[in-house]
Amino acid sequence: MHDKVLILDFGSQVTQLIARRVREAQVYCEIHPNDVSDDFIRAFAPKAIILSGSHASTYEDHELRAPQAVWDLGVPVLGICYGMQTMAVQLGGKVEWSDHREFGYAEVRAHGHTKLLDGIQDFSTPDGHGMLKVWMSHGDKVTALPPGFQLMASTPSCPIAGMANEEKGYYAFQFHPEVTHTVQGAAVFNRFVREIAGCKGDWIMGDYIAEAVTKIREQVGDEEVILGLSGGVDSSVAAALIHRAIGDQLTCVFVDHGLLRLNEGDMVMEMFAGKLQAKVIRVDASELFLGQLAGVTDPERKRKIIGGLFVDVFKAEAEKLKANGQGNKGATFLAQGTIYPDVVESGGTKTKKATTIKSHHNVGGLPEQLGLKLLEPLRELFKDEVRELGVALGLPPEMVYRHPFPGPGLGVRILGEVKQSYADLLRRADAIFIEELRNTRDEATGKSWYELTSQAFAVFLPVKSVGVMGDGRTYDYVVALRAVQTSDFMTADWAELPYSLLKRCSGRIINEVRGINRVTYDVSSKPPATIEWE
């Protein structure tokens, strides 16, 4: 059994980053709503508990409190931002509204040589005080320490920026150690979970394979599994893992909805049917999908249509497998590449304090409609862990480390109505952009610009602009190129690609893709923009 850390979510949009930092310390953790029961917490048996931030104020919302079991369990507790404020209020301290809010970079002075911060600093002042470069985001502040607590950190505008009760193992920060802007954040989490809480560092993907294979075999037994193979990282790794566990009991259904990248269908078949020798049924459903999408412009409607059609195609294929006598009794399990962020983002607390950002087509609903049991072998893993697992399973790194691709495919990279002609133009433009990114290396690092960007793609804009080619006038479509750099996909900066690279991309797209005469580059960061356009 792995040692476990429990993260209680009070509705912060960056709670997942806390979990990723803990996992990076090779310790298993889970995120659960702040309003879980005391019995749940005791049964979970965490070695440590972390309280997340929130948009709320402790004096406004009395539902947002940590359950009493947090304080009764006798394990170390780390409070972050709102987590610090509710710790203070619940244990006898005081929180007040501040007339000096802090959002952004700050330098925090460490006090008291606590175990959590001992030896961790970014620089020291001429007086010898240890300083941390951190990220603040708060409007309220703790104004009185609870009994038994000592000051652990401060800033000029936030005199109590950190507090600790070392006898009980309680620590709290007003700043956010989970975001990359807090330089020593990883060191702080490593110190808390590995040294203070004493968790074993045994959450390692290479070792996880045997554990996952055993769980799949126990769950499936001698029954049959059907899996929707999209060609994306998540479904590909899920397919490889399940195939490792049960071999021919798995049948992959690869649905070509007409919105894939250039030559993607052939590459998927070559990898899975060819190299892995898995059973793969390829279904060309492009006419069905494009027909249903005709005239639809709203992105959320497009997502729901594509998700719904996947269910219809799976139903039809599952029935065919049964009628044709493949397998003992046809598929009884539906396997999905659901990963942990999907599970977290699609949920919320009982008090509905967490915010759902967008719908996920691969969470909930499908098994009931299909009459199948659900198999989700990746639902505990973050994307970076899925990639590590894929390499450990023998999938080629160029497949596993491909940039993320949305479930609805090019359906949400074609703005407005989706048409076959638009998809064909976008496919070719996107392929040129990716090819140039792969073939162009940065002189300073020696890495390709594909490696240096976290996500890059082309977007089709349903507008036309005037152009000139040769002696003639053109009136053709526009594509936007988008490339971002990020460590967590919660925030992202647009990639400062070399002008020479952008010039080559633009020249090739306009010359090679008849129907496009203008190329733009998106220089918006997240926030305020999102990474995808829809």
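Me: Where is Ala45 found?

Reply: Ala45 is found in the loop between helix 2 (38-44) and strand 3 (48-51). Helices (H or I, at least four residues) and strands (E, at least two) are DSSP runs, numbered from the N terminus. A word on the model: it is predicted, so local features need pLDDT of at least 70 and side-chain atom pairs count only at pLDDT 80 or more, while totals for chains, interfaces and linings use all residues. Residues are numbered from 1 along each chain as its sequence is written, and side-chain values use heavy atoms, leaving out hydrogens and water.

Me: What makes His113 exposed?

Reply: His113 has a relative accessible area of 70%, so this residue counts as exposed. His113 sits in the loop between strand 5 (94-110) and strand 6 (123-124), and has a positive phi of about 50° without being a glycine.

Me: Which residues does UniProt list for "active site"?

Reply: The unreviewed UniProt entry lists Cys81, His176 and Glu178. They are spread over 98 residues of sequence, yet they cluster in space, with a largest C-alpha distance of 10.8 Å. UniProt positions are given in the numbering used here, feature names are shortened, and annotations may be inferred rather than shown by experiment.

Me: Why does Cys81 count as buried?

Reply: Its relative accessibility is 4%, so Cys81 counts as buried. Cys81 lies in the loop between strand 4 (77-80) and helix 4 (82-90).

Me: What about Glu178: buried or exposed?

Reply: Glu178 counts as buried because its relative accessibility is 0%. Not counting residues up to four places away in sequence, Glu178 touches Val14, Leu17, Ile18, Arg21, Ile80 and Phe189. Contact here means heavy atoms within 4.5 Å.

Me: Why are helix 6 and helix 13 called roughly perpendicular?

Reply: Helix 6 (residues 205-220) and helix 13 (residues 383-392) pack at an angle of about 80°, with their axes 9 Å apart. Axes are lines fitted to C-alpha atoms, for helices over the stretch in contact, and angles run from 0 to 180 degrees between N-to-C directions. Angles under 35 degrees count as roughly parallel, over 145 as roughly antiparallel, 65 to 115 as roughly perpendicular and the rest as oblique. Helix 6 and helix 13 are therefore roughly perpendicular.

Me: What makes strand 13 and strand 15 edge strands?

Reply: The open sheet has five strands in the order 13-12-11-14-15, with parallel pairing. Strand 13 (279-284) and strand 15 (373-375) each have a single partner strand, so one side of each is left without a neighbour in the sheet. Two strands pair if DSSP finds at least two bridges between them.

Me: What makes strand 12 mostly covered?

Reply: Seven of its seven residues are buried. Leu250, Cys252, Phe254 and Asp256 are buried on one side of strand 12, and Thr251, Val253 and Val255 on the other.

Definitions and conventions. Buried < 20%, exposed > 50% of the residue type's maximum accessible area, 1.4 Å probe, protein only.
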